[in-house]
Amino acid sequence: MTGHIHIALDLATLSSLAAEQVVTAAQEAIVAHALFFIALAGGKTPEQLYQMLAQPAFADRVDWSRTHVFFSDERCVPPDHDDSNYRLAATTLLSHVSIPAMQIHRMQGELSDARQAARDYAQLLLERLPRTPQGVPVFDLILLGLGQDGHVASLFPGTPILQEHTQPVAAVYVEKLHSWRISLTLPVIAATQRILLLIAGDAKAGVVHDLLYAADASAGFPLRLIQPEGRIDWYLDAAAANKLDPRKLERLGYLVHSYS
Ligand code: 6PG
């Protein structure tokens with residue numbers, strides 16, 4: 001795995017850099033195929049990014065009438081629940097920009113049958129998105145965070161969803177969280193045009209080090225189980241990057257960009 005590693009001073013700078021990349025991805029997608037298909041990340045890290053994207057300096061540069069917003073994963077809770085990834089995006093970004101409601105596609109975490117919600121969302125992706133020759137839906141951009149255990153979206157190490165290589169979306173029961181999740185699967189993440197990984201805080205420094213330096217897939221990190229087709233940009237703040245050596249990363253084939 002290689003890609004671009006951006007090391008920003010702090011979360012605000014990281015979020016501003018990532019917001020610029022989202023705008024660029026939107027503009028390039030709309031030039032290329034008249035629409036922009038993005039999957040938003042959950043968790044807390046992207047909150048500042050979403051708040052920035054709602055500001056005119058960024059929002060006015062995105063054609064929201066041609067943008068379709070999806071989600072990388074969702075907790076199995078109602079859309080107005082504090083834990084809902086949809087709720088985070090709706091309150092910080094989507095309710096502040098002129099995206100048509102019909103172009104916001106949330107995973108139905110409120111359904112009692114998570115597997116049915118996953119099937120419904122898979123069908124939606126297959127209907128709405130371009131596909132690879134193998135039939136895998138292709139996003140223009142997928143935003144992801146990284147858990148301390150190395151999970152992205154709801155692809156937790158050691159869970160059965162990592163074995164899903166056919167369906168673009170699946171449900172997974174996460175034992176340690178005692179809860180169901182709905183998530184994009186590895187083939188969809190591998191097929192996307194671009195991945196933006198947003199990682200901040202010193203609690204992530206260990207997993208960032210292990211994930212980037214891992215020699216192969218044996219460490220069980222979901223991101224090491226795929227060879228992304230598209231470009232992958234890692235956005236780290238200095239705290240999350242504090243165990244990294246830029247020269248070693250470059251020897252491993254990463255392109256490192258530092259921002260003071
Ligand atoms: C979720 C996310 C998950 C998240 C990581 C990082 O639903 O929780 O999709 O993959 O991105 O757990 O979360 P933080 O940004 O809160 O550290």
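Student: How does D113 count by relative accessibility, and at what percentage?

Tutor: D113 counts as partly exposed, because its relative accessibility is 36% and that class lies between 20% and 50%. Keep in mind that this is a predicted model.

Student: Which side chain does D113 meet in a salt bridge?

Tutor: Start with the general idea. Side chains of opposite charge can pair when their charged atoms come close. In this structure, D113 meets R119, with 3.9 Å from N to O. The cut-off is 4 Å, so the pair counts. R119 is also partly exposed, because its relative accessibility is 46%.

Student: How many salt bridges does a search of the whole structure find?

Tutor: The search finds eleven. E28 pairs with R194, and the closest N and O atoms are 3.7 Å apart. E28 sits in helix 1, residues 11-33, while R194 sits in strand 8, residues 194-199. The two are 166 residues apart in the chain.

Student: Which residues are linked with E28 and R194 in a network of salt bridges?

Tutor: R231 and D233 are linked with them. The side chains of R231 and D233 form a salt bridge of 2.5 Å, N to O. Now read the burial. D233 is at 0% relative accessibility, so it counts as buried. R231 has a relative accessible area of 31%, so it is partly exposed.

Student: R194 is in strand 8. How many residues of strand 8 are buried?

Tutor: Check burial residue by residue, then check both faces. Six of the six residues are buried, so strand 8 is largely enclosed by the rest of the structure. One side carries R194, L196 and L198, and the other carries I195, L197 and I199. Both faces are covered.

Student: In what sense does strand 8 pair with strand 5 and with strand 9?

Tutor: Look at direction and bridge count. Strand 5 and strand 8 pair in the parallel sense over three bridges. There, L144 stands opposite L197. Strand 8 and strand 9, residues 231-237, also run parallel, joined by six bridges. In that pairing, I195 stands opposite I232.

Student: What is the order of the three strands in the open sheet?

Tutor: The order here is 4-7-6, and the pairing is antiparallel. Strand 4 and strand 6 (169-174) stand at the edges; each has a single partner strand, so one side of each is left without a neighbour in the sheet. The twist averages 20° from one strand to the next. Strand 4 is joined to strand 7, residues 179-184, by three bridges. In that pairing, the bridge partner of D73 is S183.

Student: How much space lies in the largest pocket, and which residues lie nearest its centre?

Tutor: The largest pocket holds about 330 Å³ of space. Its lining has 25 residues, and G42, G43, L146, G147 and H151 lie nearest the centre. Strand 4 (73-75) and strand 5 (141-144) are the elements that give two or more residues to the lining. By class, there are nine nonpolar, nine polar and seven charged residues.

Student: How many cavities of 30 Å³ or more does the search find?

Tutor: The search finds one. About 60 Å³ of space lies in the largest cavity. Among the residues lining this cavity are V22, F36, W64 and L93. Helix 1, strand 2 (36-40) and strand 3 (67-71) each give two or more residues to the lining. Strand 2 gives the largest share, three residues. By class, the lining has ten nonpolar residues, one polar and no charged.

Student: One more contact. What distance separates the C-alpha atoms of V207 and G150?

Tutor: The C-alpha atoms are 6.2 Å apart, while the residues are 57 apart along the chain. V207 lies in helix 7, residues 205-213. Its relative accessibility is 6%, so V207 counts as buried.

Terms used: Residues numbered from 1 in each chain as written. Predicted model: local features only at pLDDT ≥ 70, side-chain atom pairs only at ≥ 80, totals over all residues. Heavy atoms only, no water. 1 Å grid on protein atoms, 1.4 Å probe; cavity = no way out; pocket = protein on both sides within 12 Å on 5 of 7 lines; lining within 4 Å. Points joined across faces, edges and corners; volume = space filled by probe spheres on them. Helix = DSSP H or I, 4+ residues; strand = E, 2+ residues; numbered from the N terminus. Nonpolar A, V, L, I, M, F, W, Y, C, P; charged D, E, K, R; others polar. Buried < 20%, exposed > 50% of the residue type's maximum accessible area, 1.4 Å probe, protein only. Pairing = 2+ DSSP bridges. Axes fitted to C-alpha atoms, helices over the stretch in contact; angles between N-to-C directions.
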